[in-house]
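Q: Please take a close look at one part of this structure and then place it in its surroundings.

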Amino acid sequence: MPDYEFEEEEFTTEFSGRTVLRILAQAMPHWPWLVGFLLAVAAVSVMDSYFTYLGKRIVDEGIVAGDRAALMQIVRTYGSLIVAQAGAVFGLIYLAGILGERIRYDLRRKMFDHLQELSFSYFDRTPVGWIMSRVTSDSGRMAELVTWGLLDVTWAVMSIASSVYFMLTINWKLALIVFAIIPVLVVVAAQFKKKIIVEYRAVRKINSKITGAFNENINGVRVVKALCREEENLREFGQLAGDMYRASYRAAWLSALFLPAVELISAVALGSIVWYGGLQAQVGGLTVGGIQAFISYVTFMLWPVQDLARVYAEMQHAIASAERVFSLVDAVPDVVDRPEAIDPGSIRGDIDFDHVDFWYESDEPVLTDFNLKVRRGETIALVGPTGGGKTTIVNLLCRFYEPQRGTIRIGGRDYADLSLHAIQSRIGVVLQTPHLFSGTIRENIRYGRLDATDEEIEESARLAGAHDFIVALEKGYDEGVGEGGVLLSVGQKQLVSLARAVLAQPEIFIMDEATSSVDTLTEALIQRGMETLMQDRTSFVIAHRLSTIKRADRILVIEDGRIAEMGTHAELLRARGHYYRLYTRQFRRELEQELGREYERFSAPALRSA
């Protein structure tokens, strides 16, 4: 079964007031909407309580007393408040919707911006599915708590406060009986909350695993189909879905058990009030309307307490989501600008790797005491076995990572003294697996320089060798590429990617295995585009197809994080070392011709028959 686990943060089971405050703080930038929303909720809640008090007056002052004028006056007041309450209800629902969408927007934008600032190492260790789960469902649940959860809490608090006020006004002795049950409710809530939050945290964690499984299976659908893995993948996904169901079931069961417990306590309180209120009515201490209103207030007060049980369960769920969202927002990039980092305006100059050590895992060094001096405008080719450190060298140059020891200098200056933008905006990279964004070919090329004109885009495509295949498409440059460029062949995507790099006019150019997955014809087109782009600029070419690097100024054979050999194509062939063996395996005939030896085209039997 695929391992959807990764070293994720583990959160404690204690209720986190700090997390709740951070969730509520998301509404602070929109405080005018928040204040209006809370005022509308408070108004509706207070009017609900006052309606019950007006009901008492209708019974006692109007019906029992037989005062028709007083009855009509109270009814008119009742009707006016109903109209006012309708307006307040509209306002609170409208404001809740607006506030919720604004908070969702802020959270998702904040996470998207932060994700772009994080270093490559974060994405190396964090699956895409986990990130997507936090950006989508977790942020949505936080917004729900700030809006509808806050509505329920405010409504409940105001209802309880207003009910307490009117109960004390009617009969303070009877009110004390009601107040006695509140500590019992608090104890019950405390016992349930510890169990509920554990289950909801488990739900959020499993939900992230499910999102990760979806992401991997959708992205790898071609492999799944080719290997007939549908049934096995369904079985594995069923295990994850089953875990999700069981964790959700336990959370729902605990939440459901909480409500009957509150109901039972409420029933005891109501029975006590009816009994004691009846005694008070017999001695004239309480009117009929007063008893009716008191029972209504008790119900009106206990119902929000019961509702708070539901809100509390949802709050545990939101806290579990928020902890993961905040863990993403709080993640610190491994590579950051120094406080005094500058942008020199250009990074043209010599490049110097000075005693550089680097590793992804501390016990597995990738580069050890690596030294390399590259002259400005020089083309360097990196070859060697997979895992030798070739891609790591260019990743360090791009400052996607930084050396653990040693220094990299550009133009004689430690490149850590330069801002990340100063370096990365002036380096053009064409990868082995090109990535295109959903949209048109024109938009993907323009991604290299957003202010480029259509003429500049087409000229870049010509220089990269992509223009001919583009104009042959039905819509030309306006042809859609599909998600990730799936509507184009690998070679076509590579040519578009190269055109994008040509348009950007980088000062340092990197080709990382750019021709390893294309046919011979496309390889020739890419090579011509490379030669155009590499003119007068420092370039690094990583290649397994050695035919693409014959014209490099220097070829470096990288093995086990060190330079095993270095020289021009001809020099390395004459040396008959590592490079000679690599080249021999790929191009036997070309090697024989280059060394000036006659190549025997026919076997001896074939010559005799001829």
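What is the relative accessibility of Asp369, and as what does this residue count?

A: Asp369 counts as partly exposed, because its relative accessibility is 37%; the class lies between buried (under 20% relative accessible area) and exposed (over 50%), with a 1.4 Å probe and protein chains only. The model is predicted, so local features need pLDDT of at least 70 and side-chain atom pairs pLDDT 80 or more, whereas totals for chains, interfaces and linings use all residues. Residues are numbered from 1 along each chain as its sequence is written, and side-chain values use heavy atoms, without hydrogens and water.

Asp369 lies in strand β2, which spans residues 364-374. Helices (H or I, at least four residues) and strands (E, at least two) are DSSP runs numbered from the N terminus. The backbone of Asp369 has a phi near 50°, a positive value in a residue other than glycine.

A positive phi is found in Arg576 as well, where the value is near 55° and the residue is again not glycine. Arg576 sits in the loop between α17 and α18 (578-586). With a relative accessible area of 43%, Arg576 is partly exposed.

Helix α17 covers residues 569-575 and includes His569. In contrast to Arg576, which is partly exposed, His569 is buried, at a relative accessible area of 8%. The side chain of His569 makes a polar contact of 2.8 Å with the side chain of Tyr579; such a contact is a pair of N or O atoms within 3.5 Å, one able to donate a hydrogen and the other to accept it, with sequence neighbours counted only if both atoms are side-chain atoms.

Elsewhere, six strands form an open sheet with mixed pairing, in the order β6-β7-β8-β3-β9-β10. Pairing requires at least two DSSP bridges between two strands. The edges of the sheet are β6 (427-430) and β10 (562-567), each of which pairs on one side only. From one strand to the next, the twist averages 20°. Strand β9 (residues 554-559) pairs with β10 in the antiparallel sense, over five bridges. Val557 has Glu565, in β10, as its bridge partner.

Terms used:
Axes fitted to C-alpha atoms, helices over the stretch in contact; angles between N-to-C directions.
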